[in-house]
Amino acid sequence: MNRRINMSCSELRHEQFYHICQDIVQQILETEGSNYFFKPVDPEIDGAPEYYQVIPEPMCIYTVQDKLDKKLYNSPEEFIKDMNKIFENAKTFNYSSHPIYKVADALASKFAFLSARLPRRIQEGDLNSAVQRHVELRLLRYRLNKTTHL
């Protein structure tokens, strides 16, 4: 039997969330210059010996991808925070005239646009509301391009 049919509304929303996040990361990785942010900074190899003194919370795309693969994100906000941390760190460590800063700025803008697709967080208690179910059903019909009556 199809796994999707047996999924609860919450599980389905969670799967959709992870699918969208994976797609966003893929689009970021396809952008020129994203390779700067894929792996953690190596102070010796990258010529930034003071990086971990300046940046207390390092983050990279590899870490985000690993968390997505292990389904460690519980909300869109957690994913957005980690992705933004990548770009904030690069802009904090580098001067505004540095190429890495410029790429981080461009990727941050692209990410802001792409992350608008993420579903908003809905509390479990809200799902029990008849009004919430009605709104979700109408939204689903709209997304499936079926006509609804107002």
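User: Which element gives the most to the lining of the second largest pocket?

Analyst: In this predicted model, H5 gives the most, with four residues. Helix H3 (51–54) and helix H5 (76–93) are the elements that give two or more residues to that lining.

User: What makes a residue part of that lining?

Analyst: A lining residue has an atom within 4 Å of a pocket point. For the second largest pocket, 21 residues line the space. Tyr36, Val41, Asp46, Tyr51 and Ile100 lie nearest its centre. The pocket holds about 420 Å³ of space.

User: How does that lining divide by class?

Analyst: There are 15 nonpolar, four polar and two charged residues. Tyr and Cys count as nonpolar in this scheme, and Gly counts as polar.

User: Why is Asn94 called buried?

Analyst: Its relative accessible area is 15%. The label needs a value under 20%. Asn94 is therefore buried. Asn94 sits in the loop between H5 and helix H6 (99–115). Beyond four places in sequence, Asn94 touches Ile100 and Tyr101.

User: What makes the pair of Asn94 and Ala90 a polar contact?

Analyst: A polar atom of the Asn94 side chain lies 2.9 Å from the backbone oxygen of Ala90. The cut-off is 3.5 Å, so the pair meets the distance limit.

User: Is Ser34 buried or exposed, and how do you know?

Analyst: Ser34 has 4% relative accessibility. Buried means under 20%, so Ser34 is buried. Ser34 lies in the loop between helix H2 (9–29) and H3.

User: Which residues does Ser34 contact, beyond its neighbours within four places in sequence?

Analyst: Ile28, Leu29, Ile61, Val103 and Leu107. Leu107 is 73 residues from Ser34 along the chain, yet their C-alpha atoms are separated by 7.7 Å.

User: Which backbone oxygens does the Ser34 side chain approach, and what makes these polar contacts?

Analyst: The side chain reaches the backbone oxygen of Thr31 at 3.0 Å. The backbone oxygen of Ile28 lies 3.4 Å from a polar atom of that side chain. The limit is 3.5 Å, so both distances pass.

User: Why are Cys21 and Cys60 called buried?

Analyst: Cys21 has a relative accessible area of 0%, and Cys60 has 1%. The label asks for under 20%, so both cysteines are buried.

How values were computed:
Residues numbered from 1 in each chain as written. Predicted model: local features only at pLDDT ≥ 70, side-chain atom pairs only at ≥ 80, totals over all residues. Heavy atoms only, no water. Buried < 20%, exposed > 50% of the residue type's maximum accessible area, 1.4 Å probe, protein only. 1 Å grid on protein atoms, 1.4 Å probe; cavity = no way out; pocket = protein on both sides within 12 Å on 5 of 7 lines; lining within 4 Å. Points joined across faces, edges and corners; volume = space filled by probe spheres on them. Polar contact = N/O pair within 3.5 Å; in protein donor to acceptor, adjacent residues only side chain to side chain. Contact = heavy atoms within 4.5 Å.
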